[in-house]
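Please open the structure in the viewer and keep the selection tool at hand. The stops below are given in the order in which they may be selected.

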Amino acid sequence: MTLSITMTVNGDRLALTLDDPRTTLLDLLRDRVGLTGTKKGCDRGQCGACTVLVDGRRINSCLALAAAHDGSDITTVEGLAQGDDLHPVQAAFIAQDGFQCGYCTPGQIMSAVALIAEGEAGDDPERIREGMSGNICRCAAYAGITDAVREATRRMQQDERRSA
Amino acid sequence: MTPFEFIRPATLAEAVAAGAEPDSRYLAGGTNLLDLMKLGVAVPRRLIDISRLPGLDRIEAQPDGGLRIGAMVRNSDLARDPAVLRGHPAVAEALLSGASAQLRNAATVGGNLLQQTRCPYFQDPAAACNRRDPGAGCEAIGGVTRGHAVLGWTETCIATHASDFCVPLAALDARVEIAGPGGTREVGMAELHPLPDEDSAGNPAIRPGEVLTALVLPPGSDAFAGHSRYVKLRERTSFAFAVVSAAAMLDMDGGTIRAGRLALGGVAARPWRVAEAEALLAGQAPDAELFDRVAGVLTEGAHPSGQNGFKIALARRIAVRALVAAAAGTPARMPALPGSVFASEGDLTHV
């Protein structure tokens, strides 16, 4: 069966046909839309490498059927930077050594962007670690990841105050 | 995944009609079902997407004081709902102790209530399993059974219920509404989650063509709000299923317990409650010796289904620990590590 869906991906409105309803949102983004920043790790919702924002909320795109997200607004790691200007979370991951091999990093960054937007962890490292527990890092760059999320949180709060 | 047809009905009536067709499954958040489909455990021919059915995503205070929660409410939204945090804080704590933020954003209330066991033999299509294939036998028995049941199991099935959320729900006498071809019926948590017996393996009691539409927290269940905790022991600090867990709730009248509720998770095919254990709490002052006696009655008859005898002592201790935490009072703010025995807040002490 063929299904027609529309999706907004990083601000671009796309009309897509699905030849196979088994297509996950992750496979659609990587194989059809050509955005390979979102990674396939476990493909079972356990590692978080596939984390994207759907209508502003972080989810595991490997456990989401593309067909079930007709009309959704998706943000992937490719949608964060403004040209050459990195998103504060991306900049903080570089500044704080929040990765080693980098495979989990797009998922970590998308998860951190959502965590900061959720506004419940603040600057508390324990709440950040808990809020980031859906993202596994096999290089165990956790200390740098926590520092990066703290730094980005502070910077984004400052930017908000400045623009207010 | 094996191929399937994808259907999105516009109304509940259409969904009920579609679900009655053979080999159909309802899709909500998909966090359990898609995983089972990838494993080859669930092989539906038709997938019926009910995630956007109108009217199932609301949380509504009822005129009688109860709280009605639509089945498509996401776990994260429910855990942040002011009425839940205020009136049923152990429900929010249990939700936040489960899975990850990403999964909680996708997973629904209905999906959580109808989720399948994480028994590795159930999840392995090559293993014999009475839950998947009634009469096939249970390959878990005699296998690797650290995580399996110590209460209410039979030779038919030794699996445990995986949900954290359902543990305080059971303690609160929550009920669910189920729409089906013959109209709507309402069942309690124990009826929804039957224990295994000689003939059946204890799958959720929902029939083809039935849609779980709402969860109802009964009127008066917010009486426990000031003294409600969920405590969960797991093999890593976060994002892990319970080895054992407990929800404890006390309705306090000064220094005296007016009524208490207590349910264990991770020990049986459903959250485990014993009325006689809870009755011991009424009219008493919170006290370590009393709590130990209550936990003893709660775990009476527990016996290993394999390599899991250690869970009996752990279950007894986690029940005491949850009661101690509940007696100390619901924290003003959700703990940084919800449900954790390693929480830095409060004065949880080892027992």
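Select helix α1 (residues 12–19) of chain B, which lies across β2 and β3 of chain B and runs at about 145 degrees to β2(B). Contact here means heavy atoms within 4.5 Å. Angles run from 0 to 180 degrees between N-to-C directions, with axes fitted as lines to C-alpha atoms, for helices over the stretch in contact. Helices (H or I, at least four residues) and strands (E, at least two) are DSSP runs, numbered from the N terminus.

The model is predicted: local features need pLDDT of at least 70, side-chain atom pairs count only at pLDDT 80 or more, and totals for chains, interfaces and linings use all residues. Residues are numbered from 1 along each chain as its sequence is written, chains are lettered from A and ligands numbered from 1 in the order in which they are written, and side-chain values use heavy atoms, with hydrogens and water left out.

**The sheet in chain B**

Next, display the open sheet of 3 strands in chain B, whose order is β1-β3-β2 with parallel pairing. Because β1 (5–7) and β2 (24–27) of chain B each have a single partner strand, they stand at the edges, and one side of each is left without a neighbour in the sheet. From one strand to the next, the twist averages 25 degrees. Two strands pair if DSSP finds at least two bridges between them; β1(B) and strand β3 (residues 46–49) of chain B are joined over 3 bridges in the parallel sense. On that pair, select B:Ile7, which stands opposite B:Ile48 in β3(B).

**The sheet in chain A**

Move to chain A, where 5 strands form an open sheet of mixed pairing in the order β2-β1-β5-β3-β4. The edges are β2 (12–18) and β4 (57–60) of chain A. On average, neighbouring strands of this sheet are turned by 40 degrees against each other, direction ignored. Strand β1 (residues 3–9) of chain A pairs with β2(A) in the antiparallel sense over 7 bridges, and A:Met7 stands opposite A:Leu14 in β2(A). Helix α1 (residues 25–32) of chain A lies across β1, β2, β3 (51–54), β4 and β5 (73–75) of chain A, at about 105 degrees to β2(A). Also packed on the sheet is α3(A), which touches β3, β4 and β5 of chain A and makes about 40 degrees with the direction of β3(A).

**Salt bridges**

Side chains of opposite charge can pair when their charged atoms come close.

Select B:Arg175 and B:Glu186, whose closest N and O atoms are 2.7 Å apart in a salt bridge. This pair links distant parts of the chain, 11 residues apart: B:Arg175 is in strand β6 (residues 175–180) of chain B and B:Glu186 in strand β7 (residues 183–188) of chain B.

Then select B:Asp251 and B:Arg258, a salt bridge with closest N and O atoms 2.9 Å apart. Is B:Asp251 buried or exposed? At 12% relative accessibility, B:Asp251 counts as buried, whereas B:Arg258 is partly exposed at 48%. Buried means under 20% relative accessible area, exposed over 50%, and partly exposed in between (1.4 Å probe, protein chains only).

Conventions
A salt bridge is a side-chain nitrogen of Lys or Arg within 4 Å of a carboxyl oxygen of Asp or Glu.
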